[in-house]
Amino acid sequence: MDNLMARNWFCGMRDNILVVGPETIPTSKGYRCVYRVQAKSSPERLRRRYMQRHHTDAQTARQTIPDSTAEMLTLPYVNIGSQSTGQRFRLFIAHGAIVEKPVEGSFNHYGLSPMATIPWF
């Protein structure tokens with residue numbers, strides 16, 4: 001660990017965190033899914049999509065999808081940037097219920113999964 005910490009990759013964070021050696025693993029309280037939630041927060045985007053799919057005009061789309069359909073999440077999130085488009089966005093994270101047995105499955109590029117569980121301490 002000393003060799004890794006001696007490198008310059010960590011320079012901007014040294015004043016903000018405390019790095020200590022390995023610790024013992026705490027007793028697990030169970031397992032849970034940690035997954036991404038995407039909000040339908042832009043009625044305008046939903047209307048454009050509706051117009052394309054249903055070949056309708058803006059008036060019909062506005063009546064079908066009013067401004068009140070905007071969904072605002074209160075979940076924790078991380079601001080990240082897309083490597084493919086360069087756009088910044090919020091990645092909202094939700095926790096599933098704690099279960100007794102682990103469930104195997106795959107994880108996405110963010111390390112999240114709506115099915116697979118991780119140990120919860």
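1. As the model is predicted, local features require pLDDT of at least 70 and side-chain atom pairs count only at pLDDT 80 or more, whereas totals for chains, interfaces and linings use all residues. Residues are numbered from 1 along each chain as its sequence is written, and side-chain values rest on heavy atoms, without hydrogens or water.

2. The protein has three helices and four strands, arranged along the sequence as α-β-α-α-β-β-β; these are DSSP runs, with helices (H or I) of at least four residues and strands (E) of at least two, numbered from the N terminus. The radius of gyration of the protein is 21 Å, well over the 14 Å that the globule rule gives for 121 residues, so the protein is more spread out than a compact globule (the radius is taken over C-alpha atoms, and the rule is 2.2 Å times the number of residues to the power 0.38).

3. The C-alpha trace spans about 65 × 40 × 25 Å along its principal axes, and 20% of the 121 residues count as buried, that is, under 20% relative accessible area with a 1.4 Å probe, protein chains only.

4. Lining the largest pocket are 15 residues, among which Gln 38, Ala 39, Lys 40, Ser 41 and Phe 92 lie nearest its centre; a pocket is an open set of points on a 1 Å grid over the protein atoms alone, where a 1.4 Å probe fits, with protein on both sides within 12 Å along at least five of seven lines, and lining residues have an atom within 4 Å of a point. At least two lining residues come from each of β1 (30-37), α2 (43-54) and β3 (88-95).

Key:
Buried means under 20% relative accessible area, exposed over 50%, partly exposed in between (1.4 Å probe, protein chains only).
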